[in-house]
Amino acid sequence: MLTNLMNSDPICAPATAQGTGAVAIVRVSGDSCRDRISPIFGPDGLKTPIDKMVSHKAYFAKIYDGDAFLDEVLVTFFAAPHSYTGEDSIEISCHGSTYIVKRIMELLINNGIRLAEPGEFTMRAFRNGKLDLSQAEAVADLIASQSKAAHDIAARQMRGNYSQRIKSLRQKLVDFTSLIELELDFAEEDVTFADRSSLSSLLAEIKTEINSLSASFKAGNALKNGIPVAIVGKPNVGKSTLLNAILHEDKAIVSAIPGTTRDSIEDVFNLGGFNFRFIDTAGIRHSTDDEIEKIGIERTFSKIKEAMIVLYVTDAASFDKSEVRQFADIINDPQRLFVTIANKTDIYQGKITDNDGITLYISAKQGTGIDELERTLVGFATTMSGRHDTLVSNTRHYNALQNALAALNKVEEGIASDLPTDLLAIDLRSALTDLGLITGEDITNDEVLGNIFGKFCIGK
């Protein structure tokens, strides 16, 4: 956990990943960082003295380990407040040798520059007003993004559109809460400054906005972490063969023996810029004496509840419309996609008629129809990502929104019950605090901030 929350002492860390490469970057930031870094260049390592460097300009330099030459580098100075952290900062671009990076770090530490803790650079950016908390968290999400969809969500959040919506909601509440607080100051005179009908209208407006943001969480979280796709159906209909066909590898064991898949098998695959988390589940049958298979079937239904997309695989030769409809009714969620897969068309050449919803005809064994299935999945993901102007993907933010909503519901109930002003004020303050937790406006607990930034990588 991050412990040096309020320090401005100079810190350093490699800003590039470990391993050998053409170039590596070492980052330095904090008070007196220019004075502390000067000795590593030796008497003739810099043609331009470091205190004369122009901000945002790169300079050629040589680094010395005592009297021994270490490396030729580029040094870039970023003057406060026009740097990532808002402090004076320096970046050293050296050759990507792990030995060189290690020795530069040792030289910096020997000159009184402390090794940065995980997330400390971004923590300082937050503390110095360069980023709010939701934008800072988006930096970590951007670094961790494994798909275009996850990248786009993080990039939008980092640009501050989401923060502005939260701040706008909060400001409306602040303005009205100020009137409520003013009433408390004049409680003995029985003066009303905040019209209750106006407050009710404001609450309805803010609740609508919060509900809209909260409703986007399921899609945002799925797009960020991989859209869960459950492959379900009776035993021996080709679920594992379908998974292997989609992944283009033999991930799951394929056998003609019913009940081969006893547990869920998961793998992530990127299609059209979206990560899909495919889950091959145990075959569903109503009676089995195998206790392990029973547990697998129970887990199948658990995975179905988690999935945003359910692929119900059937044998084309024994297609049962009532069976499919019965299973589709279990899903019954307009935000989820249910697709019937009529498999083994290489064996059965007939045509299924009178069916509901989306039915795709494939041969997982021969790979026919897989392209159409992939287009269906990408189409759904594209629609899902465009369904909301702003996508909430952070669980902490979602919980804060839900808590704020609960507090506003209490305010509404209080108005309906004609509760005293001081009780309304308590719940209004609670809602303000919950919304402030998203952008960091009301976070004063160092432990909370330490936990958030402690999850970042060192050097960021």
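How many bridges join strand S11 to S12, and in which sense do the two strands run?

1. Strand S11 (residues 337–343) is joined to S12 by four bridges, and the two strands run parallel. Within this pair, Ile-341 stands opposite Leu-360 in S12. Pairing here requires that DSSP finds at least two bridges between two strands. Helices (H or I, at least four residues) and strands (E, at least two) are DSSP runs, numbered from the N terminus.

2. The model is predicted: local features need pLDDT of at least 70, side-chain atom pairs count only at pLDDT 80 or more, and totals for chains, interfaces and linings use all residues. Residues are numbered from 1 along each chain as its sequence is written, and side-chain values use heavy atoms, with hydrogens and water left out.

3. S11 and S12 belong to an open sheet of six strands, in the order S8-S9-S7-S10-S11-S12, with mixed pairing. Its edge strands are S8 (265–271) and S12 (358–361), each of which pairs on one side only. On average, neighbouring strands of this sheet are turned by 25 degrees against each other, direction ignored. Axes are lines fitted to C-alpha atoms, for helices over the stretch in contact, and angles run from 0 to 180 degrees between N-to-C directions.

4. Helix H9 (residues 239–247) lies across S7 (227–233), S8, S9 (274–280), S10 (309–315) and S11, and runs at about 155 degrees to S9. The loop between S7 and H9 contains Asn-236. This residue, Asn-236, has a positive phi of about 65 degrees although it is not a glycine. Asn-236 counts as partly exposed at 36% relative accessibility; buried means under 20% relative accessible area, exposed over 50%, and partly exposed in between (1.4 Å probe, protein chains only).

5. Helix H5 (residues 148–158) packs against helix H8 (residues 217–225) at an angle of about 125 degrees, with the axes 7 Å apart. H5 and H8 are therefore oblique to each other; angles under 35 degrees count as roughly parallel, over 145 as roughly antiparallel, 65 to 115 as roughly perpendicular and the rest as oblique. Ala-149, Ala-150 and Ile-153 in H5 meet Gly-220, Leu-223 and Lys-224 in H8, where contact means heavy atoms within 4.5 Å. By class, the contact of H5 with H8 has four nonpolar, one polar and one charged residues. Ala, Val, Leu, Ile, Met, Phe, Trp, Tyr, Cys and Pro count as nonpolar, Asp, Glu, Lys and Arg as charged, and the others, Gly among them, as polar.

6. The buried residues of H5 include Ala-149, Ala-150 and Ile-153. Just after H5, Gly-160 takes a positive phi of about 95 degrees.

7. H8 also packs with helix H12 (residues 370–386): the axes come within 9 Å and cross at roughly 125 degrees. H8 and H12 are therefore oblique to each other. In this contact, Ala-219, Ala-222 and Leu-223 in H8 meet Ala-381, Met-384 and Ser-385 in H12. The residues of the contact of H8 with H12 divide into five nonpolar, one polar and no charged.

8. Tyr-398 is found in helix H13 (residues 395–416). With a relative accessible area of 25%, Tyr-398 is partly exposed. Residues up to four places away in sequence not being counted, Tyr-398 touches Ser-214, Phe-217 and Val-392. The C-alpha atoms of Tyr-398 and Ile-438 are separated by 9.0 Å, the two residues being 40 residues apart along the chain.

9. Strand S3 (residues 57–65) and S4 run antiparallel and are joined by nine bridges, and Lys-62 stands opposite Glu-72 in S4. The hairpin of S3 and S4 has two residues between the strands, and Gly-66 in this hairpin takes a positive phi near 70 degrees. S4 also pairs with S5 in the antiparallel sense, over five bridges, and the bridge partner of Val-75 in S5 is Ile-92.

10. Most residues other than glycine have a negative phi, and most peptide bonds are trans. Ser-32 has a positive phi of about 55 degrees although it is not a glycine, and its place is in the loop between S2 (21–29) and H1 (33–37).
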